[in-house]
Amino acid sequence: MKVPDLTELALRNLRESFLRNSLTTVGISVGVASLVAMLSLGIGLQQLASRRLVKSGLFDTIVVTSRREMRGMSREEERNGPTAGESRILDESARREIEKLPNVIEAYPDIRFVTELRYEDKPHLTMISALPESAKSNDAFEGMQGGFFSSDAAPEAVLQKSFAEELLGKTPPLGGQEPSVADLAKPLLGKELLMRYAQRESSQATPQGTTSTRQNPEDNNLAAASYSVVSREQKLKIIGVADLDPESMRGPMRAKVFLPLKLAQSLHVMQPTDLREISHAASDEPVYSSVSARVKSPAQIQAVEDAIKKMGFTTFSLLDASQSLRTFFKVLDLFLGIFGSLALAVASIGIVNTLVMAILERRREIGVMKAIGASDSDVKRLFFAEAGAMGILGGMVGVGLGWAIGRVINIGTNIYLKRQSLPPDNFWAVPWWLVAAAIMFSFLVSLISGLYPAGRAARLDPVQALRYE
Amino acid sequence: MATLTAVSSSTSTFAVRTENLCRHYRMGEASIRAVDGVSLDIRAGKFVALLGSSGSGKSSLLNLIAGLDRPTSGSVVVQDRDLAKLSREELAKYRLHVVGMVFQSFNLIASMTLAENVELPLRFAEVDRSRRDDLAREALERVGLGARMNHRPSELSGGEQQRAALARALINRPKLLLADEPTGNLDSHTGTEIMNMLRQFNRELGMTVVMVTHERALAERYAERMIFLADGKVIDDQPNQPESAGGNA
């Protein structure tokens, strides 16, 4: 029998025992729904986590430090890497070299310093850090009040929420409701901060020093090995207050005030490295304590990291952490999938039951079909088609149902989060491949369930079947 | 369709030939000899009646000829093919293209309309839908049910149902029409109607008809040959002069 004929006959037969077949199909739907709901939740959580992680810049960023920093992240590196003395200086040319590596989007210096900020004539000491323009897409600025820097060199500042609290003198009561970012931002946006900082001024401002150093810095180390420190002030306009901390991985090093990168570079703020690098850093070329290299995707981290290590620097990335996270989600998905499949397994027993019943009921009909020329395989395929049709229908209804369940769970969770004054998010995702896979899976499970009944129907002896009343 | 051509080109004068045909059933310890050493030749184009009381084995013999059942021993050759040697798949093809069957209880599929019932064998034969519709209409018109194509069997009288069953049996143009008590569930008037149709097909289409019945009078009126069975054996085999066509009692 041809497939369209087979399908038509199968659907007709399903319509004949409408109630029973609908109930079986509903059973499959519930099974598929639970599978879809479970998996979409798993996928949603995974997407949420990786979205946050990718945006946080933790997983596509390599922190490059010179071994001279002596801040090696692991003991192994201490032993195997180049000794501190041999290591290269992390200066502007090294930064450019890193930026030219394949798959590196950008490499920007980490400029951070502790300094005094005056707001309404009160001094506040805090860590200040420079942000490249690409940080705009950082997840931390999602709930930001105000805006991002108008340009890479604008005298503007973005405050972290806790610093805003400090400026306003609002410390949240323990366990009490934290003030919202919007409330904090309102009195601060557009106001001015006065930053006092120490500027490093090269002493090669003298004519002969400047020229010789620029031509051949290596030979002029001694001549250039001095600089002066000048106290400066810079007015900064508060243009944004961010809720989250874009530098959460830095722990105690994290900054509370952010400046545009170009502005920060132009200030020539005295860096702690300047003292240690005094023998080399006499040139005009800036030397950085660390450089962050952003890579196109977390998959390329390893290769880029190796390349940077070859250049003689120490690197650090959270690649390992992301790998174990991925493993965690794979296991989570597996477990959720197994739980979800249990309902489908029960539903498949329903299919077997329904089809075995249908054989008993339609015994005579099967006999007639065989008498007028149906082959064993015609009968078998007809029952397969019925099982498959129930599977596909159940799968489609189930995907819809699972989608709805996921939706409800998501809405419910977000209501709960709102009560806990946390931002709402999507914990649940039904990608198109899950829809296709769920329907396909339901179809396959149904076909497998149809194996036994279809085989039994095909083997039916027509003489006995025709005798059966 | 290739099968059909092969069949029609057959030159054998015998439509059905059985040789020492046996069909034994096992019922617990006992063995029931439903068909026990039947040797028969049925010539092509004949109208033959198998007679006997219930349990005589006439239906079992018919099932063996129809390829619904397989012999325990002996052979049954229809249109030059030994049914005992055919695979299940080949037997299904044989039933589809060579034989048409009519039953006492009509055996139409209740969930299908008449047209769908009639075209069902064509679906198994993988005939295109457009051709199927035409053939089904033609077959139903031939048995006078052209106007009731879209009715379900339950909406029809017994006679009409049997006519529809006849249309279904004829749709694949079989060479051999097997009828198992075709009038058993009908009153005498509609029974006569059906029998006249059987005779019409036998004469006009050159179809060999083998009919099982327990009514001797019916056989005498229509059959050209009467074979009597008892306990699975042929006990009498006599030619008969049927009534002339169109003669209604």
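Modeller: With what counts as a helix: a DSSP run of H or I, at least four residues, numbered from the N terminus. Keep in mind that this is a predicted model.

Colleague: In which helix is A:Arg326 found?

Modeller: A:Arg326 belongs to helix 12 of chain A, residues 319–361.

Colleague: Is A:Arg326 buried, exposed or partly exposed?

Modeller: Count C-beta neighbours within 10 Å: 20 or more means buried, 12 or fewer exposed. A:Arg326 has 14, so it is partly exposed. Its C-alpha atom is separated by 8.8 Å from that of A:Ser50, 276 residues apart along the chain.

Colleague: At roughly what angle do the axes of helix 1 and helix 14 of chain A cross?

Modeller: Roughly 65 degrees, with the axes of helix 1 (residues 3–16) and helix 14 (residues 376–419) coming within 8 Å. Angles of 65 to 115 degrees count as roughly perpendicular, so that word applies to helix 1 and helix 14 of chain A. The crossing is right-handed. Among the contact residues are A:Leu6, A:Ala10 and A:Leu14 of helix 1, and A:Leu382, A:Ala385 and A:Ala389 of helix 14. By class, this contact has nine nonpolar, two polar and two charged residues.

Colleague: How many residues does each chain give to the contact between chain A and chain B?

Modeller: Chain A gives 16 and chain B gives 18. On the side of chain A, helix 1, helix 13 (363–371), helix 14 and helix 16 (462–467) each supply two or more residues.

Colleague: And how do the residues on that side of chain A divide by class?

Modeller: Seven are nonpolar, two polar and seven charged.

Note on methods
Residues numbered from 1 in each chain as written. Chains lettered and ligands numbered in written order. Predicted model: local features only at pLDDT ≥ 70, side-chain atom pairs only at ≥ 80, totals over all residues. Axes fitted to C-alpha atoms, helices over the stretch in contact; angles between N-to-C directions. Parallel < 35°, antiparallel > 145°, perpendicular 65-115°, else oblique. Left-handed = near helix turned anticlockwise from the far one by under 90°. Contact = placed C-beta atoms within 7 Å. Nonpolar A, V, L, I, M, F, W, Y, C, P; charged D, E, K, R; others polar.
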